[in-house]
Amino acid sequence: MQATLVERLTAQGDGEPAKFLNDIVAQLWPNINVAGSKMTMDIANPMFKTMLPGPLASLHFTKVDLGPVPMTVSKVLATKTDTNGIKLDLNVDWKGKADIELKGNMIPTLGVESVELHGRLSVLLAPLTNVIPLIGAAQVAFINPPVLSLDFTGAANIADFSVINGSVRKVILNIINSIVTLPNRILVNLDVNNDYFQTYLYPLGIIRVTVDKAYNFAEESKGKASKFFSKITRSAPDCYTEVTVGAEPEWKTKVKPNTTHPIWDETHDFVVTDYDQVIKLTVMDQDIGADAEVGLAVLTVREALMAGSAQDLSLVKKGAESEGRLSVSTQYFPFAPVNDSFSVLDHKPEGLICGLATILVAGAFGIRGPRETLKPSVVVKWGPKHHFQTGIQADAAGVDISNPAFNQNFRIPVTAELVGGGGQAAPFRIALMNGEKEVGGVDVPFAEVMGAPMMTLSDRFEVGEGTTVRACICLRGIGAASA
């Protein structure tokens, strides 16, 4: 059985592994539909209120049914991991026949009858045990933000339909990216005995991106308002560059006013989880009312490593390559269990990091109190700026509320400001909460984590009254830059 499973999943291409996985998705699709529909309504409706502009904030889903057509996978690439698991990279395509309704104040009922979603997934399958050849857990994530399109009905007479379409898509994509686009992953635990610490796959390193300059673009790159005023003032664009890597937080350069040859020479670090993550660089013109896109350049982390440090990228506008160019430089630094980078001056300027702290919270044990009053969660703090909290558990069928599992991870970029000379850094705080009240906690000294084997401290931490929290704190510095 073990040989059959491994062979079926690690065969390459669009043959056996794609058929095998498509059969599984088709069988599970009714359950995926129910869970996905509920998740969309539960998460999206509150986000609409805060993310949609003005009168559109009243929009909300009243019905979500993903329909009978399942997603399909293709171009499966499978490799074995160091922990005897399987990593699958595969294309996902979905042309769903959905039945979705949205309503809002003074807005006609809108329907969505079809949805298209395209992207490339990374799926990590952890073995159940070293003996039994079954899957103990699966972690699923899009490598890069997927492409989403919605086909609305009942909206032909709405003047600002394009705003509604774009706004709704933006909210849905934000949900997808915040949950299931790298570095974010969905963990599907198929076995209660699966060890989350053995399942989690740590980030690979950082890509240091320097936006040098842009050139060969001129008046046609400007927005309408800027064009009008430039005729009067003879001004040039006021340009800046937006940079993203996968679903990592966006970074922007400073605005260089009144020039068609902006020179920035600004640098920022991004955490890399997969070498196929896309580095997206968008040159923008700061405009009156709304900023205008000058051009877009993209490359993957893998392409950046293969091309070397400095390169000139073509700027694409409205799907066509323009004469505009963007000069960028990149360096890749792998994560390693070393602390040398914490004190290196090259990693201290603003926007740069010298390492990464990863905190895994598996679960809590021995929580006391009446089941109906317990609402446990775990809070992790480091320094004055970093505060994270797991999901809050509630008493329900199949939940051991006195010994809840969380299986969540938190990442903190280590900066020179946080480290403060190695052992002088603030301790990590792990606290057990009941609702909004802290019921116990422990401070873990930074130096203790640094002194642990491989700079990884894993333990059941005593938080008071016999209650423990099983957590793992892993520190990684950055090694020498790859050539």
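**Pockets, cores and a cavity in a predicted model**

Helix α3 gives the most to the lining of the second largest pocket, with 6 residues. The structure described here is a predicted model. The second largest pocket has a volume of about 970 Å³, and 28 residues line this pocket. Besides α3 (161–180), the elements that give two or more residues to its lining are the strands β10 (239–245), β13 (278–285) and β14 (292–300). Pro 145, Asn 177, Thr 244, Glu 250 and Lys 280 are the lining residues that lie nearest the centre of the pocket. By class, the lining consists of 12 nonpolar, 7 polar and 9 charged residues.

Helix α3 is also the place of Val 171. Val 171 has a relative accessible area of 1% and therefore counts as buried, the limit for a buried residue being under 20%. Leaving out residues up to four places away in sequence, Val 171 touches Ala 44, Met 47, Phe 48, Met 51 and Leu 52. One of these contacts, Ala 44, is 127 residues from Val 171 in sequence, while the C-alpha atoms of Val 171 and Ala 44 are 7.0 Å apart in space.

In soluble globular proteins, nonpolar side chains tend to be buried together. In this model, the largest nonpolar core has 44 residues. Leu 59, Leu 88, Leu 102 and Val 168 have the most contacts inside this core. When neighbours within four places in sequence are left aside, Leu 102 is in contact with Phe 48, Leu 59, His 60, Phe 61, Thr 62, Pro 108, Thr 109, Leu 110, Val 112, Phe 152 and Val 168.

The largest cavity has a volume of about 40 Å³. Its lining is made up of Pro 183, Arg 185, Tyr 200, Leu 201, Tyr 202, Pro 203, Thr 273, Asn 409 and Arg 411. These lining residues divide into 5 nonpolar, 2 polar and 2 charged.

The confidence of the prediction was also examined. The protein chain has a mean pLDDT of 85, and 88% of its residues reach 70 or more. Over residues 1–6, however, the pLDDT is below 50. Beyond near neighbours in sequence, the stretch of residues 1–6 has 7 contacts in the model.

How values were computed. Residues numbered from 1 in each chain as written. Predicted model: local features only at pLDDT ≥ 70, side-chain atom pairs only at ≥ 80, totals over all residues. Heavy atoms only, no water. 1 Å grid on protein atoms, 1.4 Å probe; cavity = no way out; pocket = protein on both sides within 12 Å on 5 of 7 lines; lining within 4 Å. Points joined across faces, edges and corners; volume = space filled by probe spheres on them. Helix = DSSP H or I, 4+ residues; strand = E, 2+ residues; numbered from the N terminus. Nonpolar A, V, L, I, M, F, W, Y, C, P; charged D, E, K, R; others polar. pLDDT = per-residue confidence, 0-100. Contact = heavy atoms within 4.5 Å. Core = buried A, V, L, I, M, F, W, Y, C linked by side-chain atoms within 4.5 Å. Buried < 20%, exposed > 50% of the residue type's maximum accessible area, 1.4 Å probe, protein only.
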